[in-house]
Structures are given as structure tokens and as C-alpha cells.
Amino acid sequence: EASNKARPPIQREAEFAHMGWTTINGRLAYLFHGGAVGVQGVSVELEGELTGYCLPSTVRDAQRAIHASLEVLNVAPAPVVIPTYAFAFLAPLCHFLHRANYPPAFTLYLAGGTGTRKTTLAALVLAHFGAEWNNKRLPANFNDTSNALMQKAFLCKDAPLLVDDFRPSATQKERRNLDEKAQRLATGWGDYAARSRLRADSSMDATKPPRGIGMITGEDAPNITESGTARFYVVQVGRRD
């Protein structure tokens, strides 16, 4: 008799661990840490530094954000601020540009010496994807391992990933390490490809290519291949900018 009683339905929950556009129950939704634009009741849990990617939850917050966004255009001369600012609005289009076979195959590189506030400018752009981003809290930097940077580039789907602080190193070994990271990022975002890897049992592991767009700040240009350098859109930031 007990076995014939109606059992409660099995509850199923889906928790996402990446950002960007996806289809949920036939509806297109943009995921961010803690929720989604377009659907309700979606669980999105990013990890580590990526928890800063959190969008406004109310219409009032969104209206205030629009006014704050437009003020960014006043912080630097047009040749510096416009291509940087445009990156905030290019990022959510990656999903659709990929489907049209026209992905943005380049990386924004803000180049300038110490004190030019290039990181602050980049953080203002990144703040379109989370109010907590600033020049002291950023999602990635060149102290991260190469694999960690590529993992973050994979999870930041249809969003900009800012990798901060490419700077001259004291030793040749450290410089080569930085150059290798810059080369891998430039190739990854330029070709939207990742290294193929084998599992311990020699089976092929799934690749995790970048799925958004990249921003890099640095004091000088990395020493990488010509094809890698060609994938950088360089914006020079001067002290008076």
C-alpha cells in the first residue's frame, strides 16, 4: 500500500557557472553572478574574482546606471575613451556575432606608463558589468597562471575580461613568462581557440576557448609574434589624458 502512494515529483535545479547569453526553457537570457536578464529564478554562481560580474536588479538601478555610463565619455579625450567605452557594448554582442560568423577577433590593449590611470579607465568600462569593479578590484591580472586566465576567459561569455598590469620584469625568465601569457591571450581571443589536451586515460579533453572579449593594460608592448601583435587594438594613454 505504501509503495502505491503518489511520490512527490523530483525537483530539478540547474546552476550555471558562466556568464552570457543562453537559452532557458525556450527564452534567451543573459547570465550574471546571482541571476539573469530575461528570466526569473535562475541560479548563477561564479567563483573567485568573477563574482563581481553582477548587474542591477531593479529598473531604478538600471536608469541610474545609464546616466553614470554616459558620464564615462567625459573622462578622457575621444581617441582614448570612445574605443574603450565601446568595448562595454560590444561584449554582449559576441553571442550574435559568433552566430553570424563575424566574431570580434581582437583584444583591446591600453598602453601607458605608471600614473596615466589606464587601469581606472578600463575599470570604468568593466563597471558596466558590476558596480564593485574599480582600479583596486579587478577580475584578472598577469600574476594569474596562464591556465587560470584562459579559464576566466572561457567563463566570461559575452563579457569583457580585464587582465591588468603587463609591466617590465626584473629577470628574463619573468619576462618570457609574461610574454607567453600575452601571446596565449592574444591568440585565444583572436582565434577563439584553446589548446587541446589529453586526459590521464589518453582520451581527448573538451577545449574551453574564450567566449567574450579581452582587455589588457600594460606599460609596454609584449614581445610576441607578429600575428599576436596584429590581434591587439592599441590605445595609447598619456599622462594628460
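## Charges on and in a predicted protein

The protein's accessible surface comes to about 14000 Å², and carbon and sulfur atoms account for 52% of it. That area comes from the Shrake-Rupley method with a 1.4 Å probe, and for residues only the protein chains shown count as cover. Keep in mind that this is a predicted model: local features need pLDDT of at least 70, side-chain atom pairs count only at pLDDT 80 or more, and totals for chains, interfaces and linings use all residues. Residues are numbered from 1 along each chain as its sequence is written, and side-chain values use heavy atoms, with hydrogens and water left out.

Let's start with the overall picture. The C-alpha trace spans about 80 × 55 × 35 Å along its principal axes. There are 7 helices and 12 strands; these are DSSP runs numbered from the N terminus, helices being H or I with at least four residues and strands E with at least two. Of the 241 residues, 43% are buried. Buried means under 20% relative accessible area, exposed over 50%, and partly exposed in between (1.4 Å probe, protein chains only).

Now for the charges. The protein carries 27 positive and 23 negative side chains, and the centres of the two sets lie 1 Å apart. Lys and Arg count as positive, Asp and Glu as negative, while His and the chain ends are not counted. Each charge is placed at NZ of Lys, CZ of Arg, CG of Asp or CD of Glu.

Some of these charges pair up. A salt bridge is a side-chain nitrogen of Lys or Arg within 4 Å of a carboxyl oxygen of Asp or Glu, and the count comes to 8. Here are some of them:

| Salt bridge | Closest N to O |
|---|---|
| Glu49 and Lys152 | 3.4 Å |
| Asp179 and Arg175 | 3.1 Å |

Glu49 sits in the loop between strand S5 (43-44) and helix H1 (59-71), and Lys152 in helix H5 (residues 146-155), so their bridge ties together parts 103 residues apart in sequence. Glu49 is partly exposed at 39% relative accessible area, whereas Lys152 is buried at 9%. Asp144 is buried too, and Glu49, Asp144 and Lys152 are linked in a salt-bridge network.

Asp179 and Arg175 are both in helix H6 (residues 172-191), 4 residues apart, or about one turn of the helix. Both are buried.

Finally, Glu13, Glu15, Glu45 and Glu47 form a negative surface patch. Patch residues have over 30% relative accessible area and no salt bridge; like charges are joined within 9 Å, and nonpolar side chains (Val, Leu, Ile, Met, Phe, Trp, Tyr) within 5 Å. Glu13 lies in the segment before strand S1 (15-16) and is exposed at 80%.
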